[in-house]
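Hello,

Please find the structure below. My notes on it follow.

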Amino acid sequence: MLALIAGQGDLPRAVAKAAPEPVLVCALAHALPDRVEPDLVFRLERLGGFLRALRRRGVTRICMCGRVTRPALSLRALDLPTLRLLPRVVRALRRGDDGALRIVIGILEGAGFQVLGAHEAAPDLLPPAGILTAAQPGPEAAALALLGDRVSAAQGRADLGQAAVLRGGTVAAQEDDAGTDAMLARLAPGQGGLLYKAPKPAQDRRADLPVIGPATVAGAARAGLDGLVIEAGGVMVLDRDRVLRDLDAAGMYLWVRERGA
């Protein structure tokens with residue numbers, strides 16, 4: 001059985017809907033999902049007891065997806081099974097995003113669960129490689145995409161965001177903790193350029209794999225961009241049919257590209 005630990009945003013609902021099997025939707029009490037109703041709610045202080053409850057329900061696999069903010073930890077609320085996990089939980093809360101996710105995955109695997117990425121739980125969310133729209137990238141797009149590869153590598157080393165806007169041979173904007181849509185909303189409208197999005201090169205793809213959806217397309221269109229370049233096998237597309245319709249209506253392209261191509 002598959003359990004989905006759902007955070008906020010559109011991804012948990014999309015995964016639950018696209019998964020080829022029923023899922024048990026779970027959520028942290030401080031970060032309830034806004035797109036899907038959880039079957040189980042737990043606190044970080046009772047993580048050990050929660051994992052035991054999953055095993056009793058026959059869960060063998062866990063997928064984490066959606067945004068989750070870091071909670072404050074109350075030592076008085078700890079249950080006995082979580083006490084043994086406490087040193088690793090505290091280390092995770094003090095690490096950057098990638099380091100924290102690696103520790104959490106280690107805790108789940110140490111408890112006997114297989115950890116899946118959202119793209120593994122719902123593989124249809126990954127689009128095929130190629131140009132999926134009627135509009136085609138112009139001659140500037142290939143050079144900008146290579147610039148995007150370099151920006152992505154630098155973002156990965158700094159454990160920062162997964163997206164950037166590239167325009168006129170330079171970086172016009174980079175994603176921060178607020179996310180891609182917020183970055184696009186802050187961008188002054190202009191003409192041309194592209195949104196580049198890819199996983200951080202060294203990140204564990206079982207958590208925090210990047211996503212685009214209709215809101216991303218709308219933000220890119222408002223910013224006057226020519227199109228979107230996403231890494232093949234590394235970026236999920238929510239509501240793909242609508243995304244492609246909206247891009248075609250705006251005369252924009254979607255290039256699902258192999259890194260370095």
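**Notes on the model**

Gln155 is part of helix α7, residues 139-157 (helices, H or I with at least four residues, and strands, E with at least two, are DSSP runs numbered from the N terminus). This is a predicted model, in which local features need pLDDT of at least 70, side-chain atom pairs count only at pLDDT 80 or more, and totals for chains, interfaces and linings use all residues. Residues are numbered from 1 along each chain as its sequence is written, and side-chain values use heavy atoms, with hydrogens and water left out.

Gln155 counts as buried because its relative accessibility is 3% (buried means under 20% relative accessible area, exposed over 50%, partly exposed in between, with a 1.4 Å probe and protein chains only). A polar atom of the Gln155 side chain lies 3.2 Å from the backbone oxygen of Ala163. Beyond four places in sequence, the contacts of Gln155 (heavy atoms within 4.5 Å) include Leu160, Gln174 and Lys200.

Ala163 also falls in strand β7 (residues 163-167), which is joined to β8 by four bridges and runs antiparallel to β8. Leu166 stands opposite Val171 in β8.

Regards

Notes. Polar contact = N/O pair within 3.5 Å; in protein donor to acceptor, adjacent residues only side chain to side chain. Pairing = 2+ DSSP bridges.
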